[in-house]
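Subject: Handing over the structure

Hi there,

Here is the structure I promised to pass on to you.

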Amino acid sequence: MQCICCPTRLEKYGVEGDDTVNFPKDFKWGTATASYQIEGAAHEDGRGESIWDRFSRTPGKVLNGHTGDVACNHYHLYKEDVAIMKELGVDSYRFSIAWPRIYPNGTGQINRKGLDFYKRLVEELLEKGIEPAATLYHWDLPQALEDKGGWLKRDTARYFQDYAAAMFRELGDTVKQWITLNEPWCSAFLGYGNGVHAPGKSDFNSHLHAAHHLLLAHGLALQAYRELNLKSEVGITLNLAPQYPASDSAQDQAAARKADGFQNRWYLDPLFRGFYPQDMPEFLAAVAPVIQPGDFDLISGAVDFLGINYYSRSVVRSDGQGGYEALPPQGPVTHMGWEVYPQGLYDLLVRVHEDYGPIPLYITENGAAYPDQVEQGRVHDPERTAYLQQHFAQATKLIEAGVPLKGFYVWSLLDNFEWAFGYERRFGIVYVDFETQERIIKDSGRWYQSFLKGLARG
Ligand code: FCB
């Protein structure tokens, strides 16, 4: 079957009963990582302290007291890691830039040594024929800015604009895709709402101030990007999760709508419609004090794409008091306890496409944690392979349905520092021995490699 939207590539690959894989010629296949999760070298070449350095040192915040001090030592082993990507055959690599490597105090003079690392990385990628895709903020805020109030303060958005503009000037079109923020919901809610992530603050109402300043930071960075007339693409990545009602009852439907407002629409609406969801009065009241005229014009500036990180879904029901509660997972779960629900990826992207217009979409993260072990030099992870197969199959369906899906990044290239879970959750398609820093391509990585080999390269 050949679809009209993507006439250039038609290959067969066995994916769960559907043996047709139909991807456009320029579809980007990649892997993703983030600076604090893999780089290590926390005190080298002038890098400043980030909120994750501080948070991971605070007793009780991260499992086993793990920190990102060494992580995968990618700062020193990046050439080896790029060589692995080359071996896998990916088109693109999504990494993030650590703001405190560039501006150790968040603002001021560029730390050239920090910047040089990313220049070397980008050069290495381009030399190997892999497109660099850079995220400017994947949660490692300079601690010096947090000391001034962090994302609760409007100034932080301005500092972010300066940092973003400097990166656009320095790296420009060598980076093919720029992503301003990764998952502002997590930065705002987990960081300032319930405190399970850095900086560990917990106040529901003020987390909405953080969310607004993050969105503003995105808008300001976008403005700086457009002024430079670059030829690469710019967008933002959101973590979206479909919220299904537990039943057809009006109460459960309303509950699902609320959950969707909190998790999804609170970010999608301002970005693509220019205002917050009007059916969330408590949220609107809480955020009102920090909104200034012109903010939504910046926030809703045109992006070239939307990145979506998809891992799982929620099924929610009414709690009987106007609120909602999530049901326990309804099917198999990963080591994170997240339900494996590939259909959710399809439902979610169709919905985003229908509700928010024909914006190009990338799946900027998708993957699964399982407790892998090395057996005679191999890592057998059939569950992760199955997870990827099933989600790739949904991507096929999306393209066939006419959704403008442009690429798919597997999370993650490497096992890494999984935030509050430290090194106790392995998401890599490449195993990392954190004692020796040895890398072993897992069976899932080998599967991805053969999948990519099987695709016709236009
Ligand atoms: C996402 C994060 C990423 C990783 C995955 C498992 O929310 O963006 O850094 O931790 O979850």
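This is a predicted model: local features need pLDDT of at least 70, side-chain atom pairs count only at pLDDT 80 or more; totals for chains, interfaces and linings use all residues.

**The ligand site**

I expect you will want to go here before anything else. The space that the ligand takes up is the largest pocket. Around the ligand you will find Q37, H138, W139, N182, E183, N309, Y311, E365, W411, E418, W419 and F427. Which distances do the oxygen atoms of the ligand keep to N or O atoms in the side chains of Q37, H138 and E418? For Q37, a side-chain N or O atom is 2.7 Å from a ligand oxygen. For H138, the distance from a ligand oxygen to a side-chain N or O atom is 2.8 Å. For E418, a ligand oxygen and a side-chain N or O atom are 2.7 Å apart. On its own the ligand has 300 Å² of accessible area, and the protein covers 95% of that.

**The barrel**

Eight strands make a closed barrel with parallel pairing, and its order is β3-β4-β5-β6-β7-β9-β12-β15. From one strand to the next, the twist averages 25 degrees. To look at one pair in detail, take β7 (residues 233-239) and β9 (residues 305-309): they run parallel, and five bridges join them. Within that pair, T237 has G307 in β9 as its bridge partner.

N309, which is among the residues around the ligand, falls in β9, residues 305-309. W411 is another residue around the ligand, and β15 spans 405-411.

**The open sheet**

There is also an open sheet of three strands, with the order β8-β10-β11 and mixed pairing. What are its edge strands? They are β8 (243-245) and β11 (324-326), each of which pairs on one side only. Here the twist from one strand to the next averages 40 degrees.

One more partner to note is E325 in β11, which is bridged to R317.

β10 and β11 also form a hairpin, with five residues between them. In the turn, G320 has a positive phi of about 80 degrees.

**Backbone points to check**

As background, most residues other than glycine have a negative phi, and most peptide bonds are trans.

- A198 and P199 are joined by a cis peptide bond, with omega about 5 degrees. P199 belongs to the loop between α8 (184-193) and α9 (204-227).
- W411 and S412 are also joined by a cis peptide bond, with omega about 10 degrees. S412 is in the loop between β15 (405-411) and β16 (430-432), and W411 is one of the residues around the ligand.
- N64 is not a glycine, yet it has a positive phi of about 60 degrees. You will find N64 in the loop between α2 (51-56) and α3 (74-88).

Best wishes

Conventions: Residues are numbered from 1 along each chain as its sequence is written. Side-chain values use heavy atoms; hydrogens and water are left out. Two strands pair if DSSP finds at least two bridges between them. Helices (H or I, at least four residues) and strands (E, at least two) are DSSP runs, numbered from the N terminus. Axes are lines fitted to C-alpha atoms, for helices over the stretch in contact, and angles run from 0 to 180 degrees between N-to-C directions. A residue is near a molecule or strand if one of its heavy atoms lies within 4 Å of it. A polar contact is a pair of N or O atoms within 3.5 Å; within protein, one must be able to donate a hydrogen and the other to accept it, and residues adjacent in sequence count only if both atoms are side-chain atoms. Accessible areas come from the Shrake-Rupley method with a 1.4 Å probe; for residues, only the protein chains shown count as cover. On a 1 Å grid over the protein atoms alone, a cavity is a set of points where a 1.4 Å probe fits but cannot get out, and a pocket is an open set with protein on both sides within 12 Å along at least five of seven lines; lining residues have an atom within 4 Å of a point. A molecule sits in a cavity or pocket if more than half of its atoms lie within 2 Å of its grid points.
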